[in-house]
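Please read them with the structure open.

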Amino acid sequence: MDILTVFNDPSNQLLQIVFLCLAVTRLYLEVMGFKFENLPISSRMGNPKGFHRTGLYFSIGYIVFTAPALLMA
């Protein structure tokens, strides 16, 4: 099994759909103006804004790189 094709295996399609739904939900919350800095776990972090901004970038990247392959399958 090649490390680059581990997520393209048909048995992992459900996992891809779940992760894609989570990424879309994260993007939706950002667009709707949800304040991630007000979450209880964020108050204990040193730089919550940078942490949540990185999560947004990861979500956008996941959507851009996996959604087309999932839709074409």
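This is a predicted model: local features need pLDDT of at least 70, side-chain atom pairs count only at pLDDT 80 or more; totals for chains, interfaces and linings use all residues.

1. Setting aside residues up to four places away in sequence, Leu-56 touches Arg-26, Leu-27 and Glu-30. Leu-56 belongs to helix α2, and with a relative accessible area of 7% it is buried.

2. The overall make-up is simple to state. The protein chain has two helices and zero strands. Of its 73 residues, 19% are buried. The chain exposes about 5,800 Å², and carbon and sulfur atoms supply 72% of that area. Taking contacts between residues at least 6 apart in sequence, 62% join residues at least 24 apart.

3. Does the length of helix α1 agree or disagree with its residue count? Helix α1 covers residues 13–31, which is 19 residues, and at 1.5 Å a residue it should span 27 Å. The C-alpha atoms at its ends are 27 Å apart, so the two values agree. After the helix comes Gly-33, which has a positive phi, near 90°.

4. Which residues of α1 are buried? They are Gln-16, Leu-20, Ala-23 and Arg-26. These residues cover an arc of only 120° around the axis, and therefore sit on the same side of α1. What covers them includes α2, residues 48–72.

5. Turned away from the buried side, it carries the exposed residues Leu-14, Leu-22 and Tyr-28. Leu-22, which lies in helix α1, has 53% relative accessibility and so counts as exposed, the cut-off being over 50%. Leu-22 also takes part in a nonpolar surface patch of about 460 Å², together with Leu-14, Leu-15, Val-18 and Phe-19.

6. The charged residues deserve a point of their own. Side chains of opposite charge can pair when their charged atoms come close. How many salt bridges are there in this model? The count comes to two.

7. One of them joins the side chains of Glu-30 and Arg-26, at 3.0 Å from N to O. Glu-30 and Arg-26 are four residues apart in helix α1, so about one helical turn separates them. Their accessibilities put them in separate classes: Arg-26, at 13%, counts as buried, while Glu-30, at 25%, is partly exposed.

8. A salt bridge also links the side chains of Glu-30 and Arg-53, at 3.8 Å from N to O. Because Glu-30 lies in helix α1 and Arg-53 in helix α2, this pair ties together parts that are 23 residues apart in sequence. Through shared partners, the salt bridges join Arg-26, Glu-30 and Arg-53 into one network.

9. Arg-53 can also be described by its surroundings. It is found in helix α2 and counts as partly exposed at 31% relative accessibility. Leaving aside neighbours within four places in sequence, Arg-53 is in contact with Arg-26 and Glu-30. The C-alpha atoms of Arg-53 and Glu-30 are separated by 9.6 Å. Arg-26 and Glu-30 are also among the residues that Leu-56 touches.

10. A last point concerns Pro-48. Is Pro-48 buried or exposed? Pro-48 is found in helix α2, and at 18% relative accessibility it counts as buried, since the cut-off is under 20%. Pro-48 and Asn-38 are ten residues apart in sequence, and their C-alpha atoms are 9.3 Å apart in space.

11. To sum up the contacts between the helices: α2 is part of what covers the buried residues of α1. Leu-56, in helix α2, touches Arg-26, Leu-27 and Glu-30. The salt bridge between Glu-30 and Arg-53 ties a residue of α1 to a residue of α2.

Notes
Residues are numbered from 1 along each chain as its sequence is written. Side-chain values use heavy atoms; hydrogens and water are left out. The expected span of a helix is 1.5 Å times one less than its number of residues. Buried means under 20% relative accessible area, exposed over 50%, partly exposed in between (1.4 Å probe, protein chains only). The arc is that of the directions from the helix axis to the C-beta atoms. Contact means heavy atoms within 4.5 Å. Patches are made of residues with over 30% relative accessible area and no salt bridge: like charges are joined within 9 Å, nonpolar side chains (Val, Leu, Ile, Met, Phe, Trp, Tyr) within 5 Å. Accessible areas come from the Shrake-Rupley method with a 1.4 Å probe; for residues, only the protein chains shown count as cover. A salt bridge is a side-chain nitrogen of Lys or Arg within 4 Å of a carboxyl oxygen of Asp or Glu.
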